[in-house]
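Thanks for making the time this morning.

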Amino acid sequence: MSSGRKRDRWDSSSDEEEGGATAVGGLSGETKKTSTGPGRPPQPSTENAAVPHLQSALPAVRKHNPLLQGCRSVYSSYERVARLDEGTYGIVWKAKDTSSGEIVALKQIKFDETLTKEGFPIAALREISVLLDLSHECIVTVREMVVGDNANQVFMVMEFMQMDLKDAIERSGHSPFPQSELKNMMYQILSAITHCHAKWYLHRDMKTSNILVHKSGKIALCDFGLARKYQTPLKAMTQMVITLWYRPPELLYGESVYGPAVDIWSVGCIFGELLKKKALMDGQGELDQINKIIALVGAPTETNWPDFQSLPNAKMFRWRSKGPPTLPATFPVNTFTGGQTYLDPNGFDLLSKLLTLDPKQRISGEDALKHPYFRSTEGVERQVPRFIFD
Ligand code: ADP
Ligand code: MG
């Protein structure tokens with residue numbers, strides 16, 4: 001194949017729109033990554049065996065050792081099948097491994113001017129180093145990094161997943177997910193984020209479009225472009241993280257000293273979205289988001305959030321809602337365990353504990369996994385979700 005043809009196959013510049021990318025302010029240089037470099041092989045996971053029976057359904061991981069052989073060329077290794085998505089930090093392709101025939105996903109790193117002020121795009125660097133440091137069945141697997149002809153053609157090769165959870169919800173029609181499947185999905189999502197937290201990472205952009213689904217029913221967390229290490233005691237970080245609809249109240253009120261609880265709030269929003277099949281709180285701005293949160297779970301008080309008054313924006317953002325929380329009416333509980341489509345009392349309890357205003361009182365990922373909602377003896381048993389693919 002001529003190099004002209006190859007270029008045509010992988011050079012994305014003709015597909016790229018100008019100025020589509022926006023960097024999230026205040027992120028540059030705030031993280032000192034414990035980078036493992038692209039050569040580190042994934043470690044076998046021993047923690048949180050969320051879906052052990054699904055392991056064999058997945059493609060084999062990276063076989064090439066870039067430390068010995070250098071990164072492979074995208075032209076000789078992969079054939080482009082389709083363009084899947086374009087986000088802020090990269091373009092995602094469906095591609096075929098030319099030697100094994102395996103289908104993979106390639107995330108092409110965007111070398112946009114606004115993203116490359118410090119050389120290699122910082123978000124991409126973060127994503128690569130974090131993903132190589134994490135190894136869990138519910139976190140997307142990176143097989144290798146491959147390069148094109150130019151220094152600005154770098155691709156992250158990942159296991160291919162059929163779609164993201166946002167699309168899966170949209171395609172699944174109007175009837176609610178059976179509780180058995182919902183439980184399985186929530187368990188996998190919580191397993192993934194608990195693993196991140198145990199390895200001292202915050203994801204900071206948990207949402208349904210950053211959760212991938214495989215036809216086997218496996219779920220995998222992706223998009224670690226905003227992830228960073230945290231430590232205890234917690235240190236100040238930027239508040240310019242987490243997509244508005246999934247952003248916790250403490251960040252909206254200006255808290256900069258935060259930890260794993262921020263991701264847990266987002267998981268609560270995802271739980272609500274899986275139940276309602278639409279975004280739980282779709283605020284049109286920060287104040288509107290605060291109003292939606294308070295209408296759903298109630299206003300901060302001395303008892304439910306003692307530290308609230310000391311938050312930077314506590315006096316600035318006043319809320320409209322004066323009534324009782326709408327959470328119970330939004331998610332009516334059904335105690336009849338045979339009724340698969342309704343949230344049982346344990347499910348409602350978990351949802352309320354995830355969506356707790358005070359980050360200090362919010363349930364941790366570890367405790368959420370031990371919640372009675374997931375115990376098969378106390379309700380509907382977990383079952384692998386059957387997503388609709390065409
Ligand atoms: P961005 O930082 O641009 O949001 P993401 O990693 O979230 O990048 O990828 C954008 C989209 O591409 C995802 O929402 C998902 O729809 C799709 N995608 C990402 N990774 C994969 C994958 N491994 N398999 C299939 N689709 C993927
Ligand atoms: Mg994304």
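This is a predicted model: local features need pLDDT of at least 70, side-chain atom pairs count only at pLDDT 80 or more; totals for chains, interfaces and linings use all residues.

Residues are numbered from 1 along each chain as its sequence is written, and chains are lettered from A and ligands numbered from 1 in the order in which they are written.

Six strands form an open sheet of mixed pairing, in the order 1-5-6-4-3-2, where strands (E, at least two residues) and helices (H or I, at least four) are DSSP runs numbered from the N terminus, and two strands pair if DSSP finds at least two bridges between them. The edges are strand 1 and strand 2 (78-86), each of which pairs on one side only.

What does strand 5 pair with? It runs parallel to strand 1 (residues 72-73), with two bridges between them, and R72 stands opposite V146. Strand 5 also runs antiparallel to strand 6 (residues 154-159), joined by five bridges, with V142 opposite M158, and a hairpin of six residues connects these two strands.

Is strand 5 (residues 142-147) mostly covered or mostly open? It is mostly covered, since five of its six residues are buried, meaning that 20 or more other C-beta atoms, placed from the backbone, lie within 10 Å of a residue's own.

At the other end of the order, strand 2 and strand 3 (residues 90-97) run antiparallel through seven bridges.

Key. A residue is buried if 20 or more other C-beta atoms lie within 10 Å of its own, exposed if 12 or fewer, and partly exposed in between; C-beta atoms are placed from the backbone.
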